[in-house]
Structure formats: C-alpha cells, structure tokens
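Here are my notes on the model you sent. Please keep the sequence and the 3D view open while you read.

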Amino acid sequence: MAQAMMKKVAGSACVVIGITRRTSSRSLVTANKTLAAKKERELPAEREVTKSVFMSQSTDIYTNLALEDWMYRNMDFSKHHVMMVWRNEPCVVVGRHQNPWLEANVPLLAEKEIALARRNSGGGTVYHDRGNLNVTFFTPRERYDRKYNLELIKRALFRGFGVNAVINERQDIIVRDKYKVSGTAAKLGRLSAYHHCTLLVDANKSDLSKALGKRETNATASVPSPVANLSEVNNRVTVDALQTALGYEYMRTPALSLGDGGQNLISQQRGFQFVNPSEDWFPGLSEIRNELQSWDWCFGRTPVFTVSRTFPVPEELLAPSKVYSATQELSINMKVEKGLISDVTLNIAPGLMESGFHGEASVITHLIGKRFTSEALTALQDAMLTRRDSGAKLDDREQFVAKCFDQVVNTV
C-alpha cells in the first residue's frame with residue numbers, strides 16, 4: 001500500500017512538477033539560436049517559484065549519482081527548485097578530473113568491496129557512508145547560487161541544533177574554528193545547474209581515513225583537512241533529524257533571497273517527496289548508472305600520471321662471488337594514461353644482473369596497455385613463465401621482481 005502511494009505521488013510529481021525532456025529544450029534552443037543569443041530567457045519572479053524536497057530511497061552511490069544526472073538532464077527547474085537529500089553505503093567518490101589512485105586507497109577499497117565512483121562535478125574526493133547526508137540543490141543555470149545554499153545549511157544547523165558554523169574561503173562548512181563537516185562541488189550546464197555537498201553527521205572517521213589513503217605520484221593530491229562529525233558538536237544531530245531540519249529550512253526560505261517566510265511559505269511549497277530511482281520512474285536511468293559504474297568512467301578518465309619506486313635487492317639474490325660497496329637497488333618507473341600502463345622502465349641493479357636476472361624487454365613490454373591493477377602483475381608473471389618449461393615456477397629473482405611490481409601497483 002505504502003509503495004503504491006509513493007509511486008502515485010512520484011508519478012503525479014512527474015506531471016505536476018513539470019519534468020520535461022531536455023531533448024525538446026535543446027531543439028527549441030537550436031531552432032531559436034539567434035534569438036537566444038540576443039535575449040536571455042525569461043524566468044519567473046521569486047514569488048512564482050515553488051520548492052520540493054526529494055528524498056532518494058536508494059543507498060547505492062551509482063544509482064544516486066545517476067538520479068542526480070537524470071534530473072539535471074531532463075527536468076525543468078525554471079519554476080520549480082529542488083533540493084535532493086540522499087545517503088549511501090560506504091563508498092569513495094572522486095571529482096570528475098581527479099586521480100583515484102592518488103586520492104584513495106584503491107587496493108583497500110577492492111579488498112573491502114567498498115565502491116569507488118567518479119562524479120560529474122569537480123571538487124575533491126569524499127568518503128560516504130550511512131552516517132553522512134548528501135544534499136543537492138537544483139536550479140536554472142542563471143539562478144545558481146552556492147553562497148545561498150551554504151548559508152541555508154548554516155541557518156538550519158543553528159535553528160535546529162544550535163550549532164554555530166562558518167563558511168571558509170574554500171566554501172567548506174567549518175565548526176569549532178577548524179573542523180570541516182562539509183565539502184562542496186557543482187556542475188553548471190547551459191540550462192540547469194546543481195550544487196551538492198556532503199554533511200558529516202556520524203560517519204566512521206577511522207574508515208574514512210583508511211579509505212582516503214594517499215599514494216606518492218607526480219600528480220597533485222587533494223589538500224586534507226581535519227574533519228569532525230556534527231554529532232560530536234551536538235549529539236542531537238542525527239541524519240534523519242538533519243534531513244528534516246534542512247528540508248524545512250529550504251522550504252521556509254524564499255527561492256532567490258535569504259529571507260524567512262516561516263510556516264506561511266512552507267505551506268505554499270510542494271513538500272517532502274520520496275523518490276524511487278528506478279527505470280520505471282526515471283526512464284533511461286539504468287543506462288546512466290551503467291556508465292557511471294564502468295571501469296572506463298571510474299578509472300579510465302584519470303589524467304596522465306607516473307609512479308616511481310625503488311627497492312633494495314636482498315643480499316641472497318646478488319652474485320655470491322662479489323662484494324658490492326653500494327646498496328643494490330631495483331627501480332621501476334611507470335607512466336599511466338587513461339588508467340592503462342603506457343610506458344615502463346626497469347633499472348636493474350648490477351648485482352642482480354650478475355646473479356642471472358636480465359629483465360628482457362619482451363617480458364616488460366607485456367605490461368603495456370594493461371590496466372594499472374593486478375592485471376598488470378598477472379601479465380608480467382605469465383610473460384616470465386612463457387620463457388620456461390611447462391610446469392616451471394618463477395625463480396627467487398623473478399619472484400622478487402614480481403613482488404616489486406605488485407607493490408608499485410597495489411601499495412599506497
């Protein structure tokens with residue numbers, strides 16, 4: 001019964017709210033390109049704009065990102081602004097132009113089966129779990145106002161829980177002078193825009209720290225900030241309570257200014273609405289989700305980077321008849337483009353070569369074109385084994401080299 005009611009509400013919302021296919025908007029804009037260039041589109045006055053709070057029923061990061069993108073592509077926000085609240089199972093989300101191997105502990109995420117996602121907006125890398133609340137503000141492009149949104153959150157924290165927060169120069173929300181409780185990012189298109197942020201309420205900070213472990217590369221990493229949960233400031237702050245406080249603050253605030261319309265304005269809004277991010281409710285959602293979950297999107301969009309590591313060679317692997325004055329080291333340099341290894345340089349210590357390991361170029365080149373994952377290690381081991389008789393195993397020197405490659409790929 002409840003499901004039927006929610007589906008009926010959402011179904012009617014799709015009509016009443018004025019969801020329109022962006023393809024028709026694009027056709028209209030293209031047909032009137034000359035006119036649009038001369039005159040901005042006319043948007044309604046503030047008093048004519050209504051608001052809704054959408055509450056996603058999904059806790060899957062790829063589904064929620066797909067819903068966000070679907071709304072951005074397909075809905076008309078000119079007369080109807082939307083704030084969507086959503087939460088996820090444990091995951092790490094990188095910005096559109098970021099390097100996941102630099103920003104997150106990718107091997108740990110794979111081991112713990114924690115999802116890694118890349119969003120369409122910029123900004124830094126964040127950790128999500130059920131202890132944090134995600135908020136997305138949708139408006140027409142012309143009425144995008146990040147400061148308005150952040151001030152609204154700040155007011156909700158104070159009105160609902162007495163929490164004093166400030167917005168710093170990076171537009172993070174800070175409590176107790178230095179502790180970050182919210183990061184922010186945005187996407188601005190030709191017709192629509194959204195601004196989204198996370199709010200740490202009762203997130204697992206230990207898991208957050210481990211999941212966002214850093215790797216040493218030549219790329220530039222995010223600047224970490226000390227973080228705190230809002231529940232540490234006031235234990236009355238829960239995800240559900242914050243969601244409610246934010247929703248009412250959003251609806252009592254006029255669409256374009258930071259006034260306070262109180263209960264009277266709330267009664268004129270469209271209220272809280274559950275939304276079910278499914279193909280039935282949002283046709284085409286599955287295709288967007290599949291793309292956002294693909295390896296090519298999550299990892300293949302990574303900017304070019306290089307990794308260099310040096311490993312001391314154990315004495316037992318060196319030529320036994322010689323004494324070496326300097327430490328014998330094996331150096332590995334890799335260049336990675338679009339998530340694939342594009343170049344490899346292996347500098348072999350003289351002592352290792354004199355003991356019988358030569359690192360033939362044909363073996364190393366097997367790594368080219370492989371994903372910067374354990375797939376590369378498997379390719380290297382297979383290439384080494386092809387030079388041996390059937391059933392043979394890697395010798396100690398080859399096992400050492402393989403282990404070094406494994407640490408390059410799989411160690412933060």
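1. **Overall make-up.** The protein has 17 helices and 15 strands. Both kinds of element are DSSP runs, numbered from the N terminus: helices are H or I with at least four residues, strands are E with at least two. This is a predicted model, where local features need pLDDT of at least 70 and side-chain atom pairs count only at pLDDT 80 or more, while totals for chains, interfaces and linings use all residues. Residues are numbered from 1 along each chain as its sequence is written, and side-chain values use heavy atoms, leaving out hydrogens and water.

2. Of the 412 residues, 50% count as buried. Buried means under 20% relative accessible area, exposed means over 50%, and partly exposed lies in between (1.4 Å probe, protein chains only). Take the contacts in the protein with a separation of 6 or more: residues 24 or more positions apart account for 75% of them. Contact means heavy atoms within 4.5 Å.

3. Strands of a sheet pair through backbone hydrogen bonds, either parallel or antiparallel. Here an open sheet has the order β13-β14-β15, with antiparallel pairing. Its edge strands are β13 (305–312) and β15 (340–347), and each pairs on one side only. Neighbouring strands of this sheet are turned by 15° against each other on average, direction ignored. Two strands pair if DSSP finds at least two bridges between them. β13 and β14 (residues 329–337) have eight bridges.

4. Helix α17 (residues 396–410) lies across β13, β14 and β15. The helix runs at about 45° to β14. Axes are lines fitted to C-alpha atoms, for helices over the stretch in contact, and angles run from 0 to 180 degrees between N-to-C directions.

5. **α16 against α17.** Two packed helices are described by the angle between their axes and the distance between the axes. The axes of α16 (residues 374–385) and α17 come within 9 Å and cross at roughly 165°. That makes α16 roughly antiparallel to α17. The cut-offs are these: under 35 degrees is roughly parallel, over 145 roughly antiparallel, 65 to 115 roughly perpendicular, and the rest oblique. The crossing is right-handed. A crossing is right-handed if the near helix is turned clockwise from the far one by less than a right angle, and left-handed if anticlockwise. Among the residues that make the contact are Leu-377 and Leu-380 of α16, and Val-401 and Phe-405 of α17. By class, the contact has seven nonpolar, three polar and two charged residues. Ala, Val, Leu, Ile, Met, Phe, Trp, Tyr, Cys and Pro count as nonpolar, Asp, Glu, Lys and Arg as charged, and the others, Gly among them, as polar.

6. **α7 against α10.** Helix α7 (residues 146–161) and helix α10 (residues 239–252) pack at an angle of about 120°, with their axes 9 Å apart. That makes α7 oblique to α10. Their crossing is right-handed. The α7 side includes Leu-152, Ile-153 and Phe-161, and the α10 side includes Leu-242, Leu-246 and Tyr-250. The contact has ten nonpolar, no polar and four charged residues.

7. **Two hairpins.** How many bridges join β10 to β11? Five bridges join β10 (residues 184–188) to β11 (residues 192–200), and the strands run antiparallel. They form a hairpin with three residues between them. Ala-186 stands opposite His-195 in β11. Four of the five residues of β10 are buried. The hairpin of β8 and β9 also has three residues between the strands, and there Arg-176 takes a positive phi near 50°. β8 (residues 173–175) and β9 (residues 179–182) pair in the antiparallel sense over three bridges.

8. **Val-275.** Is Val-275 buried or exposed? Val-275 is buried, because its relative accessible area is 4%. This residue lies in β12 (residues 272–275). Its C-alpha atom is separated by 5.1 Å from that of Ser-56, 219 residues apart along the chain. Leaving aside neighbours within four places in sequence, the contacts of Val-275 include Phe-54, Leu-67 and Trp-281.
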